[in-house]
Protein chains: 2
Amino acid sequence: MAQYKIAVDVMGSDKGPEMMIRGVGAALNAHAELSVCLFGDENIIKRECQANGLPTDRVEIVGTTEIITNFDSPSTALFQKTDSSLVRALAAAAQRDDIVGVINAGSTGALIAGSMRYLSTPDRVRPALAAVLPAENGGFTCLVDTGATIDCGASTLVHFAHLGTSFMKDLYKIDTPRVALLSNGAEPTKGNKAVKEAHAMLAQETDINFVGNVEGTNALSGACDVLVCDGFAGNQVLKVTEGIAKRIITDIVKYAKQTGKEEYMQLVGYLASKYDLASLGGGIILGIRKPVIKAHGAANEKSISSVIEMMLNLAANIDVFNGKH
Amino acid sequence: MAQYKIAVDVMGSDKGPEMMIRGVGAALNAHAELSVCLFGDENIIKRECQANGLPTDRVEIVGTTEIITNFDSPSTALFQKTDSSLVRALAAAAQRDDIVGVINAGSTGALIAGSMRYLSTPDRVRPALAAVLPAENGGFTCLVDTGATIDCGASTLVHFAHLGTSFMKDLYKIDTPRVALLSNGAEPTKGNKAVKEAHAMLAQETDINFVGNVEGTNALSGACDVLVCDGFAGNQVLKVTEGIAKRIITDIVKYAKQTGKEEYMQLVGYLASKYDLASLGGGIILGIRKPVIKAHGAANEKSISSVIEMMLNLAANIDVFNGKH
């Protein structure tokens with residue numbers, strides 16, 4: 001019955017292991033095919049599993065004694081904190097065939113570095129942290145990279161185009177995903193050095209449906225299924241979107257108070273849920289052997305549960321991993 | 001009385017010379033100290049000046065026969081279209097002491113290239129296209145660069161920090177403007193190669209009030225007065241902000257229709273004016289001898305008028321130009 005076992009690092013998130021375990025519980029209730037292996041403080045895990053009534057037959061617990069935080073240097077933490085929940089979860093995924101993937105809501109840097117160390121493909125390509133975001137036209141856009149590889153040459157961008165294409169084919173069942181390059185203008189002559197070179201290269205790639213450059217204004221309009229950029233620019237797209245959405249929602253709350261119009265608060269609820277990137281699932285590390293998902297540090301029960309659902313979906317459509325790309 | 005003469009290229013904007021001339025007319029009405037020199041199709045300018053009742057004693061007309069559009073290659077257009085309104089306006093600013101600056105709402109690329117050609121400082125530093133944007137805390141943030149210099153090394157970023165500091169000192173009368181670097185994380189170790197190097201250099205600059213890195217989430221929160229980045233990243237901040245603001249406003253319109261709540265349309269009006277970057281004034285080219293302002297291509301009468309007001313303000317506080325930085 002429980003055919004997919006997911007490793008979950010319950011430590012390191014902003015809201016603590018209690019919230020992680022509540023999210024896991026919600027996912028277990030909704031999906032009979034799911035089982036989990038929880039990595040973290042054994043006492044806390046046992047207590048919270050009992051308090052939230054998690055089914056013991058689908059929960060494996062691996063007690064660990066260390067935590068990698070955002071204050072640790074990712075590269076050194078991996079070597080020094082060998083009994084951390086993160087290192088143990090990644091190592092288990094590398095060693096055990098029954099574990100289909102890893103979820104974590106802690107240090108992004110350590111998760112990426114650890115994924116490279118434990119789950120890299122034989123050709124050791126640069127990994128990408130992709131985000132699947134709701135587009136204005138109702139579809140989804142896979143933004144790749146959002147922060148795993150900050151400095152990219154043209155060939156890395158082309159590689160990201162392939163990773164994103166495979167991902168949207170496998171996961172979203174889009175036959176020929178439209179791939180665009182994020183740039184500072186729509187014309188092929190626009191872009192930084194790497195983007196201009198990648199533009200010329202992508203135009204020649206026969207297995208990429210390249211539709212040209214897309215500007216920031218249309219990054220999430222639905223003009224493409226895969227938006228390719230270096231990790232620095234992708235991080236800006238993601239975080240500027242988040243910052244401006246929060247700001248406008250705050251504006252509406254202020255406006256509601258100033259004008260005394262309580263009914264505007266309904267709209268605030270509607271927009272807050274629509275633009276709450278924390279609940280939109282997590283970043284997916286592409287270019288490694290098994291799926292690894294980074295949930296938002298501030299993830300709540302609902303978003304942790306939805307990240308686990310995304311992992312189940314990945315496990316059932318795993319072509320994009322296994323070094324095939 | 002009319003002590004400041006501004007050169008205005010009335011051609012090349014999305015909404016045509018008629019809109020530009022209406023904006024000029026509004027500014028002339030509001031500011032007795034202003035006179036203008038209009039560059040463009042002589043017949044259209046004469047007709048529209050008469051139709052809108054512009055004061056003839058404060059309007060000089062220079063008839064030109066060519067227009068540089070967004071479809072022209074900026075560098076070749078400058079050499080081929082020597083009787084274009086843009087080239088003539090920039091050349092006049094370079095030659096005539098009575099012209100304090102140039103305004104245009106056409107091709108950004110041609111304007112930047114032309115500014116370099118006609119108005120560069122003796123040391124021929126890289127120019128920056130700065131944008132002054134309203135911050136969440138009620139202040140203003142000078143984003144520099146937004147698209148003039150796409151590939152930047154660390155020393156160019158440090159140079160932009162100086163340009164932005166001078167600008168916010170002179171124009172906004174901030175004694176020690178807080179300067180931040182846009183990055184993918186707040187820690188000094190975050191950033192692409194140029195950002196990390198610039199971080200170390202700015203920390204050593206005694207005449208820069210460097211406050212560290214700022215992430216996209218806080219780009220326009222008011223955490224700094226000057227936000228430094230390369231033209232590629234700055235273009236993303238500007239355009240992603242614009243795109244998401246428009247998208248959320250469209251969402252509210254849809255929500256109003258779906259729920260039948262007409263009163264939400266008041267809010268739409270409020271937000272649309274607050275986040276209409278087209279009316280927020282234009283980009284200012286820094287690092288040249290005289291102020292050149294790029295108005296938004298879709299600028300309306302109000303925004304053209306406000307761009308002219310910004311130029312008057314610049315003309316009265318001109319330390320940032322004249323090769324002093």
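This is a predicted model: local features need pLDDT of at least 70, side-chain atom pairs count only at pLDDT 80 or more; totals for chains, interfaces and linings use all residues.
# Briefing: chains A and B

Asp145(B) lies in the loop between strand E6 (140-144) and H6 of chain B. Chain A and chain B bury about 4400 Å² between them. The points below cover the interface, the helix packing and the backbone.

**The interface between the chains**

- Chain A gives 43 residues to the contact, and chain B gives 43 residues.
- The area buried between chain A and chain B is about 4400 Å². Carbon and sulfur atoms give 59% of that area.
- Four salt bridges are found across the interface of chain A and chain B.
- Over all chains, the structure holds 30 salt bridges.
- One salt bridge pairs Lys239(B) with Glu215(A). The closest N and O atoms of Lys239(B) and Glu215(A) are 2.2 Å apart. Lys239(B) sits in helix H8 (residues 231-259) of chain B, and Glu215(A) sits in the loop between strand E8 (209-214) and strand E9 (226-228) of chain A, so the pair joins two chains.
- Lys274(A) forms a salt bridge with Asp251(B). Here the closest N and O atoms are 3.0 Å apart.

**Helices H6 and H7 in chain B**

- Helix H6 (residues 154-172) of chain B packs against helix H7 (residues 193-204) of chain B. Their axes come within 8 Å and cross at roughly 50°.
- H6(B) and H7(B) are therefore oblique to each other.
- The crossing of H6(B) and H7(B) is right-handed.
- From H6(B), the contact uses Ala154(B), Ser155(B), Leu157(B), Val158(B) and Ala161(B). From H7(B), it uses Ala194(B), Val195(B), Glu197(B), Ala198(B), Met201(B) and Leu202(B).
- By class, the contact of H6(B) with H7(B) has nine nonpolar residues, one polar residue and one charged residue.

**Helices H6 and H7 in chain A**

- In chain A, helix H6 (residues 154-172) and helix H7 (residues 193-204) pack at an angle of about 50°. The axes of H6(A) and H7(A) are 8 Å apart.
- That angle makes H6(A) oblique to H7(A).
- H6(A) passes H7(A) in a right-handed crossing.
- H6(A) brings Ala154(A), Ser155(A), Leu157(A), Val158(A) and Ala161(A) to the contact. They meet Ala194(A), Val195(A), Glu197(A), Ala198(A), Met201(A) and Leu202(A) in H7(A).
- The residues of the contact of H6(A) with H7(A) divide into nine nonpolar, one polar and one charged.

**Helices H4 and H5 in chain B**

- Helix H4 (residues 85-95) of chain B and helix H5 (residues 108-119) of chain B have axes that come within 9 Å. These axes cross at roughly 30°.
- Angles under 35 degrees count as roughly parallel, so H4(B) is roughly parallel to H5(B).
- H4(B) and H5(B) make a right-handed crossing.
- The H4(B) side of the contact is Leu86(B), Val87(B), Leu90(B), Ala91(B), Ala93(B) and Ala94(B). The H5(B) side is Ala110(B), Leu111(B), Gly114(B), Ser115(B), Tyr118(B) and Leu119(B).
- The contact of H4(B) with H5(B) has 10 nonpolar, two polar and no charged residues.

**Backbone points**

- Most residues other than glycine have a negative phi, and most peptide bonds are trans.
- In chain A, a cis peptide bond joins Val144(A) and Asp145(A), with omega about 15°. Asp145(A) is found in the loop between strand E6 (140-144) and H6 of chain A.
- Lys173(A) is not a glycine, yet it has a positive phi of about 55°. Lys173(A) is placed in the loop between H6 and strand E7 (178-182) of chain A.

Definitions and conventions. Residues are numbered from 1 along each chain as its sequence is written. Chains are lettered from A and ligands numbered from 1 in the order in which they are written. Side-chain values use heavy atoms; hydrogens and water are left out. Axes are lines fitted to C-alpha atoms, for helices over the stretch in contact, and angles run from 0 to 180 degrees between N-to-C directions. Helices (H or I, at least four residues) and strands (E, at least two) are DSSP runs, numbered from the N terminus. Angles under 35 degrees count as roughly parallel, over 145 as roughly antiparallel, 65 to 115 as roughly perpendicular and the rest as oblique. A crossing is left-handed if the near helix is turned anticlockwise from the far one by less than a right angle, and right-handed if clockwise. Contact means heavy atoms within 4.5 Å. Ala, Val, Leu, Ile, Met, Phe, Trp, Tyr, Cys and Pro count as nonpolar, Asp, Glu, Lys and Arg as charged, and the others, Gly among them, as polar. Buried area is the accessible area (1.4 Å probe) that two parts lose on being put together, summed over both. A salt bridge is a side-chain nitrogen of Lys or Arg within 4 Å of a carboxyl oxygen of Asp or Glu.
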